[in-house]
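Let us go through this structure by question and answer, moving from the fold of one chain to its contact with another.

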Amino acid sequence: MRGALFALALLPWAGMASAQSMRPFSTFRQQHGETRLRANLQYAAGVLRLSAGPAAELYRMDVSYDQDRFVPRSEYDAARGEVLLGVETAGRGGLRVVSQNQLRQIAHVSFSPDIDLALDVGLGAVDAELELGGLRLTDLNLETGASRAVIRFSQPNGARCRSAQFSAGAAELSVIGLGNSRCDRIDFQGGVGKVALDFGGSWTASSEVEVRMAMGELTLRLPRQVGVRISLDKFLSAFEPAGLVRRGDSFESPGYDRASRHLDIAVTTAVGQVRVEWEK
Amino acid sequence: MPTLSRVLAATVLLLPCAGRVAQAEMGNGPTRSATVSMVRNFWALVSDVSALTHPQALSQASRAQAQPIPAAPPGGPSIDLSNISNTTAVERELERSLANKGSNLRLTVPRGSAWQGNYSLSSDESHPGDLLVVSGNADIAGKLLGNLVTVNGDVTVREGGLVSGDILTLGGTVHGDGEIGGEVRSFPSTSVLTPKSVATVAAPAASALQLTFGRIAGVIGVFLTLSALGFGLVMFGRPNLEVVSDTVAHSFGRAFITGLLGQILLLPTFGMLVVGLILSVAGILLLPFAVVVYTLLVIIAALGGYLAVAHAMGETYVRRRMALGAVIGSPNSYRYLLIGIAALASLWLAWAIFGWVPVAGDLIRGAAFLVTWLLGTAGFGAALLSRAGIRENFAGRLIPPEALTDEYLWATPQFGVPAARRPGTRTPTRGL
């Protein structure tokens with residue numbers, strides 16, 4: 001009798017255990033002389049790592065996904081030179097928030113360093129680390145939900161980037177080495193969260209940056225080799241213009257006018273704090 | 001017999017080696033090809049004989065030697081491999097087509113072919129159209145002009161080999177230095193052709209039983225959880241619980257209407273709260289705190305109200321029994337709650353036991369849901385009316401608490417009027 005009761009008590013747990021099954025999936029495409037690629041990476045939940053891959057492969061994705069709730073996507077349109085990669089919900093929706101198992105879903109994505117890449121990334125509840133250094137990025141569009149994301153440009157971008165757009169919901173986002181991104185224009189739009197924009201790296205041209213943030217903490221880590229100007233539109237936000245000189249409605253680094261390259265940052269924030277740090 | 005088993009085992013062990021040997025010999029001139037064909041035919045004969053004498057060896061034998069899968073008759077299973085980008089759909093279709101077929105497998109691949117066992121395409125060969133390989137590896141040294149799908153097998157595209165289309169492996173991986181014109185997708189594991197997919201057909205009886213036990217366990221779990229919460233409520237908030245309980249008992253209709261309105265206004269109120277806090281500028285900082293508090297209050301009101309309903313039901317039942325002369329050991333709030341929660345759980349228990357019955361199961365579930373919602377709404381309304389048990393206006397407590405003596409509360413003594421009540425009269429449900 002006691003055994004039967006014990007078995008009865010274990011039944012729901014058995015059902016739960018059987019529902020958690022991770023499945024590996026790999027996809028890639030050999031490079032056959034393509035010069036450009038528009039990649040749309042949609043990743044609903046889990047861990048995501050992105051980096052440059054071998055030159056012989058146009059793209060590759062190795063993922064271990066929760067097959068009860070998600071399906072992997074890998075569709076290449078040769079005529080348009082576009083690929084859709086990622087993992088999306090299988091219709092049942094919802095996230096496995098009862099345990100850490102949700103984060104066991106992990107994907108490694110890589111792109112060829114030889115092609116001009118326009119990258120659109122959509123992240124849901126994701127812990128992401130994107131190493132974009134070494135790629136030839138021409139456009140970047142990143143949208144995150146409730147994510148923790150670190151985007152790095154450890155090496156200079158191999159191509160000139162027209163624009164980089166970051167849109168974050170309730171997220172913790174760090175973009176490191178924006179100087180290496182070689183983007184003419186950088187836009188950041190944030191809801192709630194903690195954001196760090198590091199403008200380190202090797203600046204080869206001037207750049208315009210627009211940051212709009214509703215609520216949270218924004219840290220701007222500025223380079224010393226370029227002239228920096230910050231124009232601020234704030235509501236209930238604190239701003240510490242460390243090392244900047246006020247000129248009219250904006251704050252400038254000493255010697256801004258004499259600098260050969262300029263970094264103009266327009267910040268609009270409602271509630272929170274804007275901190276300025278300088279690259280060492 | 002043991003000798004026969006040993007021979008069969010040796011045959012099975014040697015078969016994969018034979019396949020490898022045959023592959024290694026391919027593509028080296030017509031003489032070698034003839035030799036390979038002869039070896040293939042020989043091993044095909046051996047495998048056929050061993051399959052006849054030992055049916056269990058059939059699957060492994062077929063894996064070693066590629067055999068064409070005959071096309072299905074019109075209306076039979078067919079799978080189009082011209083677009084394999086939707087891997088889930090392809091896998092589902094293959095699972096359906098290949099399950100429980102055994103050696104009678106028939107499958108049509110439009111504009112292509114299907115093979116069972118290790119398949120190889122030598123460097124001087126070409127295969128027009130799509131290719132499906134089941135239970136075997138695909139070794140491509142020649143030119144495959146189409147898509148390639150393998151089930152429970154790896155793909156090797158050798159240097160100089162070509163697959164012009166996409167490759168999909170279900171239960172396998174892709175190797176080699178050959179040219180692949182399309183996209184490669186590989187699932188190292190698959191449910192196609194596994195015992196699981198075969199067993200799912202015969203599983204319903206067992207799963208229905210498991211489902212029933214699972215539901216019963218769920219009901220018991222909810223019962224225990226509510227009991228624990230209720231006991232905590234009695235221990236730390238007994239006066240409030242009793243006031244809400246009395247409000248339900250004395251003003252059920254009013255409590256239900258209030259609960260219904262409360263449910264309707266729940267979201268608008270929340271929206272107004274959020275907008276108000278945002279507009280008040282300073283209040284925006286309180287927004288996260290207010291959201292959490294509002295949510296907690298709603299949960300407490302709903303849960304506390306539901307427990308109060310259970311308390312009221314249990315109290316009514318116990319008092320009726322006492323009025324009929326039954327001796328109750330300890331008529332207290334703990335007992336009231338336990339009885340009330342058991343009564344509420346009994347509906348769901350009925351669904352847990354008989355939920356598998358086609359129509360009745362749905363009806364029982366609907367009834368259980370309706371009753372639970374009705375009582376929950378009344379409990380929520382009572383919690384609102386009584387301000388979580390602070391106000392006694394609707395609790396029927398017209399006499400000050402200090403005047404509520406045992407004579408009042410137990411106004412239906414065991415000896416007296418109720419014992420000789422007139423025919424047709426009701427037993428009062430409460431002591432007042």
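Q: In chain B, what percentage of the contacts with a separation of 6 or more comes from residues 24 or more positions apart?
A: The model is a predicted one, and chain B holds eleven helices and 14 strands. Counting the contacts in chain B with a separation of 6 or more, the share that falls to residues 24 or more positions apart is 54%.

Q: Which strands are the edge strands of the open sheet in chain B?
A: Four strands form this open sheet, with parallel pairing, in the order β4-β7-β10-β13 of chain B. An edge strand pairs on one side only, and in chain B this applies to β4 (126–128) and β13.

Q: Which residue of β7(B) is the bridge partner of B:Ser126?
A: Strand β4(B) and strand β7 (residues 143–145) of chain B run parallel and are joined by three bridges. Within β7(B), the partner that B:Ser126 finds is B:Lys143.

Q: Which residue of β14(B) is the bridge partner of A:Phe28?
A: Strand β1 (residues 22–30) of chain A runs antiparallel to β14(B), and four bridges join them. In β14(B), the residue that is bridged to A:Phe28 is B:Val184.

Key: Residues numbered from 1 in each chain as written. Chains lettered and ligands numbered in written order. Predicted model: local features only at pLDDT ≥ 70, side-chain atom pairs only at ≥ 80, totals over all residues. Helix = DSSP H or I, 4+ residues; strand = E, 2+ residues; numbered from the N terminus. Contact = placed C-beta atoms within 7 Å. Pairing = 2+ DSSP bridges.
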